[in-house]
Structure formats: C-alpha cells, structure tokens
Amino acid sequence: LRFAAAASGVLVVSMWWGAMVPLFKVGMPPAVFEGFWKWNLSSFTWLNFHGAFLPLILAESRWSGQRHSLWELWVQVAAALLYLVCYMSFMVVRGWQWYPFLSPRTHWCGVVYSVLLGGLYGLFVALNAGME
C-alpha cells in the first residue's frame, strides 16, 4: 500500500497549498490570515507537515526500487471514493463543507472528480516511470 500512502500525502499537500490556503486568503480577514500564515510557515508546521512530508514521500517511492502495482492504484481509488461518500453523507449533510469544490451540487463537479481521478493515475504513472 505504498502508493496509497504516497498518493494521500501528495493529495494532502497539493490540496492544502493549491486549494485551501487560497480559499483561506480570500475568506479570512487580513489580520486573521496574517496569524494563520505565520503559524503555517513556523518551523514546526513547515518541517513536520509541509517541508519534509512531500519530499520524503517522493524519495521513498523513487529509491525503494519497487514499482507500484495496479492493485495499489485500485485500493487508493476505492479509498478516495469511500472518503468522498463519507464526506457527502456525513459532513455536507451537517453543513460542514470543508471542500466546496467537491460539492456534487456545482456544475463543475464532474470536472473536479475527473481531474482528481486523472491526477491519481498520473501520479501512479509518474512514480512508476523509470522503475524496472
């Protein structure tokens, strides 16, 4: 299940910096965002979550010398779909929409879901590139 771990880590870091932080920037008052930004770039947060996390995941995947199997890809797709179902069934129903772009009520949900699934496959191919 190395691919599931790698994909989850890449997804978390990508979603944080690519979607959540920009949404916070737009939605938070400037003074609140300033504190959030300062905390986010603190040595503890940066080293433990953002600075070391992604490079370590990619290094392990590359230097292990083992290809990721299709079974691992399917496990990750199943886990992602299960997460989406749980998110829609429990979180959205209660009004806790952490990820507005995952809402099935938008006109772009098919595009978002396709990009996420395509991204999983692209990551799978990229991590396996050059492996024997």
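A crossing of two helices is left-handed if the near helix is turned anticlockwise from the far one by less than a right angle, and right-handed if clockwise. Keep that in mind for what follows.

First, the ground rules. This is a predicted model, where local features need pLDDT of at least 70, side-chain atom pairs count only at pLDDT 80 or more, and totals for chains, interfaces and linings use all residues. Residues are numbered from 1 along each chain as its sequence is written, and side-chain values use heavy atoms, with hydrogens and water left out.

Now the helix pairs. Helices here are DSSP runs (H or I, at least four residues), numbered from the N terminus. Take α1, residues 2-27, and α6, residues 109-128. Their axes come within 11 Å and cross at roughly 125°. Axes are lines fitted to C-alpha atoms over the stretch in contact, and angles run from 0 to 180 degrees between N-to-C directions. That makes α1 oblique to α6. Oblique is what remains once angles under 35 degrees count as roughly parallel, over 145 as roughly antiparallel and 65 to 115 as roughly perpendicular. The α1 and α6 crossing is right-handed.

Which residues of α1 and α6 meet? From α1, Phe3, Ala6, Ala7, Val10 and Leu11; from α6, Leu116, Leu120, Leu123, Phe124 and Leu127. Contact means heavy atoms within 4.5 Å. By class, that is 10 nonpolar, no polar and no charged residues. Nonpolar covers Ala, Val, Leu, Ile, Met, Phe, Trp, Tyr, Cys and Pro; charged covers Asp, Glu, Lys and Arg; the others, Gly among them, are polar.

Next, α1 with α5. Their axes are 8 Å apart, at an angle of about 45°. So α1 is oblique to α5 as well. This crossing is right-handed. Arg2, Phe3, Ala4, Ala7 and Ser8 of α1 touch Glu72, Leu73 and Gln76 of α5. The class count is 4 nonpolar, 2 polar and 2 charged.

Two single residues now. Is serine 61 buried or exposed? Buried, with a relative accessible area of 0%. The cut-offs: buried is under 20%, exposed over 50%, partly exposed in between, with a 1.4 Å probe and protein chains only. Serine 61 sits in helix α4, residues 53-63. Beyond neighbours within four places in sequence, serine 61 contacts Arg2, Gln66, His68, Leu127 and Met131.

Arginine 105 lies in the loop between α5 and α6. Arginine 105 is exposed, at 62%. Not counting residues up to four places away in sequence, arginine 105 touches Val92 and Gln97.

Methods. Helices (H or I, at least four residues) and strands (E, at least two) are DSSP runs, numbered from the N terminus.
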